[in-house]
Amino acid sequence: MSVEERLQRPAVMGIVNVTPDSFSDGGVHHDPDAAAAAARRMVDEGAAIVDVGGESTRPGSGGVSLDEELRRVIPVLERLEGVPISIDTAKSEVARRALALGAELVNDVTALRGDPELAGVVADGNGYLCLMHMQGEPRTMQAGPRYADVASEVAAFHEERLAFAVAAGIPEERVCLDPGIGFGKTPAQNFELIRRLDLLLALGRPVLVGLSRKSSLGKLFDPEARTATLAASLGAAVAAFERGASIFRVHDVREHVEALTAAGAVR
Ligand code: HH2
């Protein structure tokens, strides 16, 4: 099945961060029972898939060890049999274990640049794949991001990464692309990426966006903001939907399902 068939537009991906330090929900789902209950609730609220992650990628974050990441996510995945799962990881061993436990999609914020084994694991496991653009690395990415033309550079990056994934044996129709909102971008660059989403869509793959609670939205109201309100997140998601985004990675599932269903009805 292709990504478009499996995650029909608009599809909502619920976020379950099993971390103590995520930028907007750190610590909320650190206990495996609480995390699994949250994931099931998101599916009840209309999420097409739930993205489970054990490593925060917030600006300034330094990463976690393989053992720690496995210790965080495996107990959650073991409690989620039958729930559609995406694993948010850049580590091949985490992805391999997650796919064996039934995960469908690997969400890699490094777009297969972090771990040389990951592409093979996704190919062998017949997983769907999300490739995300990031300039730099989480520890330093917000220190002066630079682009000559952000939208065309992100599209060119994805053209190259998609070809890399396909060469590694991952069928093109199983891949979706993400501009990586907030990953080495100023607020203005993030908004430009959404405004010019057609450049990314021209590659012919579904586009996933993660705008939920991101500080670029909060900074519209408070220059010191590190997160954003639900209302601002919904407005941005609908704007991205109108420009062709398909999959929405969000913390507040029910509200996004309602907003996007309404936006879809108007179309
Ligand atoms: N954003 C975050 C993490 N993973 N994956 C994709 N594909 N796209 C995104 O925009 C994206 C992502 C950051 O958000 P969050 O998971 O809420 O926080 P943290 O990284 O601090 O855990």
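Is Asn126 buried, exposed or partly exposed? The legends below, drawn from a predicted model, take up this residue together with several other local features.

**View 1. Asn126 in the loop between α5 and β5.** With a relative accessible area of 49%, Asn126 is partly exposed, because this value falls between the 20% and 50% limits of that class. The residue is not a glycine, yet its phi is positive, at about 55 degrees. Most residues other than glycine have a negative phi.

**View 2. Leu112 in the loop between β4 and α5.** In this loop, which runs between β4 (105-108) and α5 (118-124), Leu112 has a positive phi near 70 degrees although it is a residue other than glycine. Leu112 counts as buried, because its relative accessibility is 6% and the limit for that class is under 20%.

**View 3. The cis peptide bond between Arg9 and Pro10.** The bond that joins these two residues is cis, with omega about -5 degrees, and Pro10 itself is found in the loop between α1 (3-6) and β1 (11-17). Most peptide bonds are trans.

**View 4. The crossing of helices α10 and α11.** The axes of α10 (residues 230-242) and α11 (residues 253-266) come within 10 Å and cross at roughly 35 degrees, and the crossing is right-handed. On the α10 side the contact is made by Leu230, Ser233, Leu234, Ala237, Val238, Phe241 and Glu242, and on the α11 side by Glu255, His256, Ala259, Leu260, Ala263 and Gly264. Sorted by class, the residues of this contact are eight nonpolar, three polar and two charged.

**View 5. The largest pocket.** The space in this pocket amounts to about 670 Å³, and of the 35 residues that line the largest pocket, Phe23, Thr57, Arg58, Pro59 and Lys214 are the closest to its centre. At least two residues of the lining are supplied by each of β1, α7 (187-195) and α9 (215-218). By class, the lining of the largest pocket has 11 nonpolar, 15 polar and nine charged residues.

**View 6. The second largest pocket.** The volume of this pocket is about 330 Å³, and 20 residues line the second largest pocket, with Glu55, Val109, Thr110, Met134 and Pro138 the closest to its centre. The lining of the second largest pocket divides into four nonpolar, 10 polar and six charged residues.

Definitions and conventions:
Residues numbered from 1 in each chain as written. Predicted model: local features only at pLDDT ≥ 70, side-chain atom pairs only at ≥ 80, totals over all residues. Heavy atoms only, no water. Axes fitted to C-alpha atoms, helices over the stretch in contact; angles between N-to-C directions. Helix = DSSP H or I, 4+ residues; strand = E, 2+ residues; numbered from the N terminus. Left-handed = near helix turned anticlockwise from the far one by under 90°. Contact = heavy atoms within 4.5 Å. Nonpolar A, V, L, I, M, F, W, Y, C, P; charged D, E, K, R; others polar. Buried < 20%, exposed > 50% of the residue type's maximum accessible area, 1.4 Å probe, protein only. 1 Å grid on protein atoms, 1.4 Å probe; cavity = no way out; pocket = protein on both sides within 12 Å on 5 of 7 lines; lining within 4 Å. Points joined across faces, edges and corners; volume = space filled by probe spheres on them.
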